[in-house]
Amino acid sequence: MSLKFNIVLLLLSVLFAVITGYEQSDVASARIESCRGCSLNRLPEVKRFIFEDAPNYERLEVKFITGADPELILLNDGDQELERLPLAHLSRSECNELIQSKGFTKKAKNTEF
């Protein structure tokens, strides 16, 4: 992915946060809403992100809704929606970058044997 695209994506995220009137610190959790198949089958990169990567992030849940297009919903402490971002146009790596740009980190791996 080009550095120029990453910068544009970051600037757009910051601009949208300013316009919507919340700060990254207001985001308490997030939810991905998507169908299990349907349109998701036509989006293999997003499907892999939802099934393989999303479960590895803290404070991020996946909710499957029949017929729903894949979206990331950012929530505050009261589970009120702050922002809704479509994922259909993103690659797997762009989905991961978006989640991380919103302040989400991967869960610690259990190293016990």
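## Exercises on a predicted model

**Exercise 1. At what angle do the axes of α2 and α3 cross, and which residues make the contact?**

Step 1. In this predicted model, the axes of α2 and α3 approach to within 8 Å and cross at roughly 50°.

Step 2. Classify the angle. Roughly parallel needs under 35 degrees, and roughly perpendicular runs from 65 to 115. The two helices, α2 and α3, are therefore oblique to each other.

Step 3. List the contact. From α2 come Glu45, Val46, Arg48, Phe49, Glu52 and Asp53. From α3 come Arg92, Cys95, Asn96 and Ile99.

Step 4. Sort by class. The α2 contact with α3 holds 4 nonpolar, 1 polar and 5 charged residues.

**Exercise 2. Describe the overall fold content.**

Step 1. Count the elements. The protein has 3 helices and 4 strands.

Step 2. Order them. Along the sequence the pattern reads α-β-α-β-β-β-α.

Step 3. Check burial. The protein has 113 residues, and 35% of them count as buried.

Step 4. Check contact range. Take contacts between residues at least 6 apart in sequence: 71% of these join residues at least 24 apart.

**Exercise 3. Which residues of the largest nonpolar core touch the most other members?**

Step 1. Take the core, which has 20 residues. Those touching the most other members are Ile32, Phe49, Leu60, Leu72, Leu87, Ile99 and Phe104.

Step 2. Two or more residues each come from β1 (29-34), α2 (44-53), β3 (71-75) and α3 (92-101).

Step 3. Zoom in on Leu87. Skip residues up to four places away in sequence. Leu87 then touches Ile32, Val46, Phe49, Pro70, Glu71, Leu72, Cys95 and Leu98.

Step 4. Link back to Exercise 1. Val46, Phe49 and Cys95 are among the Leu87 contacts, and these residues also take part in the contact of α2 with α3.

**Exercise 4. Is Ile73 buried or exposed, and what does Ile73 contact?**

Step 1. Ile73 sits in strand β3.

Step 2. Apply the cut-off. Buried means under 20% relative accessible area. Ile73 has 0% relative accessibility, so Ile73 counts as buried.

Step 3. Set aside neighbours within four places in sequence. Ile73 is then in contact with Ser29, Ala30, Arg31, Glu33, Glu81, Glu83 and Arg84.

Step 4. Compare sequence and space for one of these partners. Ser29 lies 44 residues from Ile73 in sequence, with 8.7 Å from C-alpha to C-alpha.

Methods:
Residues numbered from 1 in each chain as written. Predicted model: local features only at pLDDT ≥ 70, side-chain atom pairs only at ≥ 80, totals over all residues. Heavy atoms only, no water. Core = buried A, V, L, I, M, F, W, Y, C linked by side-chain atoms within 4.5 Å. Buried < 20%, exposed > 50% of the residue type's maximum accessible area, 1.4 Å probe, protein only. Contact = heavy atoms within 4.5 Å. Axes fitted to C-alpha atoms, helices over the stretch in contact; angles between N-to-C directions. Parallel < 35°, antiparallel > 145°, perpendicular 65-115°, else oblique. Nonpolar A, V, L, I, M, F, W, Y, C, P; charged D, E, K, R; others polar.
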